[in-house]
Amino acid sequence: MDTYYHPPDLAKFPDVGKDAPELWDRFLGWYTAVFAEGALTEREKALIALAVAHAVQCPYCIDAYTSGSLEKGATPDQMTEAVHVAAAIRGGATLVHAVQMRNKIEKIGM
Amino acid sequence: MALATLLNTRNPLAAPAVQRARLEALPLRRTFDGALASAGHQVLTRGRTRVLQMNLGKRCNQVCHHCHVDAGPDRTEVMPDEVVDATLDVLDLSGVGTLDITGGAPEIHPRFRDIVSRARAMGRHVMDRCNLTITTLPNYASLPEFLAAHSVEIVASLPAYAPAQTDRQRGVGVFESSLAALRRLNALGYGREGTGLVLNLVTNPVGAFLPASQRALERDWKRELARRYDVEFNRLFTITNMPISRYLEWLERSGNLSAYMEKLVQAFNPATVEGLMCRDTISVAWDGRLFDCDFNQMLDLPVDARGPRTIAELRNAPDLLSWPVVTGPHCFGCTAGAGSSCGGATTA
């Protein structure tokens, strides 16, 4: 293996449970419940997951939730808008720290 | 880009035997029969035939990327008169209630209207698997009125309510042309409540993934087609793309074949087995041979050799009741997720 991220590794995700099966089972049960239809539809949850996958820059998650969103009936324009939401929050999160910068300028400036 | 049939481009995958060999060579984690056995079905058997599906031939005015028939304008296979007559005889003599007419574009067949008229005169329910755009061609301009006059159920293909996705799968300009056809059908009463004229739409995923929930999509489609285009329809059927002919070729070329087949295998749903269409449908090929479904027809996998093998032989036989269904790796397409059939999802 010459890279940290290797596409076939996604299928090996359940292997993580081998050395801590009880924790894995709890994770999987919770994960499955999270994505089941509730107050939000399965499609809305898949789109949130897709946006978050981009924000945390997880290639495995982007792979999984691109297919997942399509299979829940999301369209490419909806998926692209979801990623823009993630990008806007990331951009906004950077920019809002400028308030901290401005506070510091005020404090140490004359 | 103009699309071409596999046959026209001399692609080896035009041959059903080559397609079967490619599918059989895939290292899948289990066989279809193994999956059935795990669901408690040692052998998949046919029940009473309720639907007679007639494939009138491979000629079509479109050349869609995902077509399992490899249909197109260059195809010459057309059902001859003797096969048409034998099929209508079987329909008349049997208790089969539904005639499902498919192709290619079945309306191109010179006897399409005769077949419809005679089947309706027998009191049979008739379904036309229509690509929509055929009704916008000058020679077929009166087709919608004819279908309405005979109360034919229209099952029309439209992969997406967004133009780009539809055109990517079915060819440039197909969405606009399909929309014009839908508006005309609506104007005749098709898809409108209380008219009795049924217009169902069929969507296949535009790519290597499974269809979304039929119920959820139908809700969206009804809302969006009405809001964007003032178009109405009755039901939406989601159909899984089958790894056959041009879709198989695309899966291979795009490097998606193994992952897609694994996805189908992994998504095997035992609850779909009861509703598989091969259990109550008999598929008649343009040349009169019998198949358990249209997909088996394209892979050249005829019905079990112990029963009648042609429509002419079926005319003298009672039924295909309890014969085993012929299966292969492609059958995972009908058992994945919510299931898939010519009538959409089989569990919902």
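**View 1. Strands S7 and S8 of chain B pair in the antiparallel sense.** Two bridges join strand S7 (residues 281-284) of chain B to S8(B). Two strands count as paired if DSSP finds at least two bridges between them. Strands (E, at least two residues) and helices (H or I, at least four) are DSSP runs, numbered from the N terminus. B:Ser283 has B:Phe291 of S8(B) as its bridge partner. This is a predicted model, in which local features need pLDDT of at least 70, side-chain atom pairs count only at pLDDT 80 or more, and totals for chains, interfaces and linings use all residues. Residues are numbered from 1 along each chain as its sequence is written, while chains are lettered from A and ligands numbered from 1 in the order in which they are written.

**View 2. An open sheet of eight strands in chain B.** The strand order is S6-S5-S4-S3-S2-S1-S7-S8, with mixed pairing. S6 and strand S8 (290-291) of chain B are the edge strands; each pairs on one side only. Strands of a sheet pair through backbone hydrogen bonds, either parallel or antiparallel. S2(B) and S3(B) run parallel, joined by four bridges. B:Asp100 stands opposite B:Met127 in S3(B). Strand S3 (residues 125-130) of chain B is mostly covered, with five of its six residues buried. A residue is buried if 20 or more other C-beta atoms, placed from the backbone, lie within 10 Å of its own, exposed if 12 or fewer, and partly exposed in between.

**View 3. Helix H8 of chain B has a buried side and an exposed face.** The 16 residues of helix H8 (residues 214-229) of chain B should span 22 Å at 1.5 Å a residue, and its end C-alpha atoms are 21 Å apart, which agrees. The expected span is 1.5 Å times one less than the number of residues. B:Gln214, B:Leu217, B:Glu218, B:Trp221 and B:Leu225 are the buried residues of H8(B). They lie on the same side of H8(B), because they cover an arc of only 100° around the axis. The arc is that of the directions from the helix axis to the C-beta atoms. These buried residues pack against strand S5 (199-203) and strand S6 (236-238) of chain B. The face turned away carries the exposed B:Arg215, B:Arg223, B:Ala226 and B:Arg227. B:Asp230 follows H8(B); its phi is positive, near 55°.

**View 4. Chain A meets chain B.** The contact takes seven residues from chain A and 10 residues from chain B. Residues are in contact if their C-beta atoms, placed from the backbone, lie within 7 Å. Helix H3 (residues 59-71) of chain A gives the largest share of chain A's side, three residues.

How values were computed: Contact = placed C-beta atoms within 7 Å.
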